Amino acid sequence: MSEAIECIIREAIPSDAEQILKLLNETATQTGYMTQGGEGIGVSVEEEEKQLDTIYSSLNNCVFIARVNEEVVGIASIHASDKPKIEHIGEIGVVVDKDYWGFGLGTLLMEELLLWADESPVLSRLELKVQERNTRARHLYEKLGFKLEAIMEQGVKDEGQLLNVCLMSKLI
């Protein structure tokens, strides 16, 4: 039986920017599953604060964080366009610090995103990309009703190796 942790999941606010960037930069090199690597995400705290402020009042964008002991250990987001023809499509991103894998945080964050998306008057389709080799994440997404739409051959390169990426979606 795994130990229990006390976790708070809530929408991100501008004052979370520094901790969010810290987590994204730390997790960038933990597994090879992230889009960015050692170069980090290249966003300043001030830019992230402004972005979070804008996202917080959006009808088709959101960011949720998982906090353990006042530290951000997981992030989940829906990013959608403001272009009228595609504003109904939200792209999901999820990251959990490897030290906190196995506690169900990915599931909790995804469930929060899905609840939020169901309430959105704009969103009707969610999609995500996940490396084919990331079986834990793929299983979670399938469990939550996401369907495989396509395999993007050589969709990402990690340490010189070209890897397949799965495009998955869910209509809401």
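**Exercise 1. In this predicted model, find which residues lysine 147 touches, leaving out those up to four places away in sequence.**

Solution. Start by locating the residue: lysine 147 lies in strand S6, which covers residues 147-158. Next, look for heavy atoms within 4.5 Å, the cut-off for a contact. With residues up to four places away set aside, the partners of lysine 147 are Leu167, Met168 and Ser169.

**Exercise 2. Is lysine 147 buried or exposed?**

Solution. The cut-off you need is that exposed means over 50% relative accessible area. Lysine 147 has 57% relative accessibility, so it counts as exposed.

**Exercise 3. Work through the phi angles of glutamate 70 and glutamine 154.**

Solution. Glutamate 70 is not a glycine, yet its phi is positive, at about 65°. Glutamine 154 is not a glycine either, and its phi is positive too, at about 55°.

Then place each residue. Glutamate 70 sits in the loop that links strand S2 (62-68) to strand S3 (71-80). Glutamine 154 belongs to strand S6.

Finally, check their surroundings. Glutamate 70 is exposed, with 59% relative accessibility, and glutamine 154 is exposed as well, at 53%.

**Exercise 4. Which residues of helix H3 are buried, and what length does the helix reach?**

Solution. Helix H3 runs over residues 105-119 and has 15 residues. From its first C-alpha to its last it reaches 21 Å, close to the 21 Å expected at 1.5 Å a residue. For burial, look for residues under 20% relative accessible area. In H3 these are Leu105, Gly106, Thr107, Leu109, Met110, Leu113, Leu114, Trp116 and Ala117.

**Exercise 5. Step back and describe the whole chain: what is the order of its elements, and how compact is it?**

Solution. Count first: there are four helices and seven strands. From the N terminus on, they follow the order β-α-α-β-β-β-α-β-α-β-β. The radius of gyration is 16 Å, close to the 16 Å given by the globule rule for 172 residues, so the chain is as compact as a globular protein of that length.

Buried residues account for 41% of the 172 residues. Among contacts between residues at least 6 apart in sequence, 63% join residues at least 24 apart.

Terms used. Residues are numbered from 1 along each chain as its sequence is written. This is a predicted model: local features need pLDDT of at least 70, side-chain atom pairs count only at pLDDT 80 or more; totals for chains, interfaces and linings use all residues. Side-chain values use heavy atoms; hydrogens and water are left out. Helices (H or I, at least four residues) and strands (E, at least two) are DSSP runs, numbered from the N terminus. The radius of gyration is taken over C-alpha atoms; the globule rule is 2.2 Å times the number of residues to the power 0.38. Buried means under 20% relative accessible area, exposed over 50%, partly exposed in between (1.4 Å probe, protein chains only). The expected span of a helix is 1.5 Å times one less than its number of residues.
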